[in-house]
Amino acid sequence: MVHHFGGKSLCLAMLTLVFTLNIPCSNSLRIENRVKTKSAVFRSPVFELEPGSVLNRIYYNIDFPRGHIAVKSFKAEVVDEAGRPVPLHETYLHHWVILRYYQRKGVSNVEQDSFKKLDQTNFMFARNNGVCQKNVLGQYFGLGSETRKTPTFVPDPYGIEVGNPAEIPDGFEERWLMNVHAIDTRGAEDSLGCTECRCDLYNISKDEYGRPLGPDYKGGLLCCYDQTQCRVRKGFQGTKRSLYLRYSVEWVDWTDSILPVKIYIFDITDTWNGLNSAKHDCKIEYNVAESCKGTGTMSSQGCVDTRRKRVRMPTGGYVVYGVAHQHTGGTGSTLYGEDGRVICSSNPIYGKGKEVGNESGYIVGMSTCYPQHGSVKILDGETLIHESNYNSSQTHTGVMGLFYILVANQLPNPKLFMHSPL
């Protein structure tokens, strides 16, 4: 049974934001006796949107493969009742994220209150290995508008391990929740402004709990919470429709031949500086101020807002995969090692048409990194440099600069594997 709960504050929204993988390049390692990959397709609970409306809701206990498994792929997109994919210029997928949690057996309907209070009596998160505070950016999977052209794949012999009985606390069971944030921009007076959650377009001056927003807060998650309404053109008529997030999962049953990977998510807004404290404070979103005039979002090469942030890797290993997450206006992001070497550069793919997956002006994919086997290693405690770039020929509100990497503690025994082209 799926339970849902809408209307989260920025703090709770931060608990459920982020991003994943792409198909590896060059050669990959193949298990000689490959374990059979299983797959399944699921749908979220139905949600309804009409022109200008917003959904930002959490669904508990979603359908997900059970048992001790290695997840190999997770993909998702918005579809209508007939299963047809919905284009971004009609329903903008701000983000979807998937989090793992434990719930006490025999206790029902505790998720909502426990989520609010972070009560660990009957409910606790099982977050990733990232560095952000508490459960912020603790998701295992997640993407935004780039979801269709950033397919997820974890190469052999690696996998994202879940369902390990040794890790589940006594008396608890493993479950999964999903956060979906979608904005209906049909007939929008300013589509980009709606997707960037500009407060004036939503006529919002207080957050969902009635607390006044500061005078400098011009746009972001506090202005496009669940059931808010962005301004549409006068006289525009559009129907309310029922939609779903359709998601597909590929996995294999866990065996000793699979090497587990750890998930790390870095945030360009993290206030950690390594000087006075080990405390992290990831703000999730930031604004890009207009710095020079250009003729379009991506046209002026000299208009660039660059943010750089130092972050210390708690435990090193071999990078298996890397990808950044940015919003419209993003021009790419890079993760550097302490010595200046490039660990991964990830650039946005912008659509050029009207068809689904190629919507003009939207980020429809992010390039990914799949390093040659064992070629990129991060040392224990190494200080990395995270860089995020946006075009600043116009103002952007509520943008993000995240970097997601998968790291393995060890390399496989070459005697058990063979190289083969994809």
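E387 and R308 form a salt bridge whose closest N and O atoms are 2.5 Å apart. The model is predicted: local features need pLDDT of at least 70 and side-chain atom pairs pLDDT 80 or more, while totals for chains, interfaces and linings use all residues. Residues are numbered from 1 along each chain as its sequence is written, and side-chain values use heavy atoms, with hydrogens and water left out.

**Exercise 1.** Determine which strands the pair E387 and R308 ties together.

*Solution.* Step one is the criterion: a salt bridge is a side-chain nitrogen of Lys or Arg within 4 Å of a carboxyl oxygen of Asp or Glu. Step two is location: E387 lies in strand β23 (residues 383-391) and R308 in strand β15 (residues 304-312), so the pair ties together parts that are 79 residues apart in sequence. Strands (E, at least two residues) are DSSP runs, numbered from the N terminus. Step three is accessibility: E387 has a relative accessible area of 12% and is buried. Buried means under 20% relative accessible area, exposed over 50%, and partly exposed in between (1.4 Å probe, protein chains only).

**Exercise 2.** Classify the aromatic pair of F42 and Y247, and state where each residue lies.

*Solution.* Rings of Phe, Tyr and Trp (its six-membered ring) pair if their centres lie within 6.5 Å; planes under 30 degrees apart count as stacked, over 60 as edge-to-face and the rest as tilted. The structure holds 16 aromatic pairs. For F42 and Y247 the centres are 5.4 Å apart and the planes at 35°, a tilted pair. F42 belongs to strand β3 (residues 38-43) and Y247 to strand β12 (residues 241-253), so the pair ties together parts 205 residues apart in sequence. F42 is buried at 17% relative accessibility, and Y247 is buried at 1%. Both F42 and Y247 belong to one aromatic cluster, whose members include W96 and W176.

**Exercise 3.** Describe the cover of strand β5 and its pairing with β11.

*Solution.* Begin with burial: in β5 (residues 54-60), seven of seven residues are buried. Next, assign directions: V54, N56, I58 and Y60 point one way, and L55, R57 and Y59 the other. Finally, examine the pairing, for which DSSP must find at least two bridges between two strands. Six bridges join β5 to β11 (residues 172-184), and the strands run antiparallel. The bridge partner of L55 in β11 is A182.

Note on methods:
Helix = DSSP H or I, 4+ residues; strand = E, 2+ residues; numbered from the N terminus.
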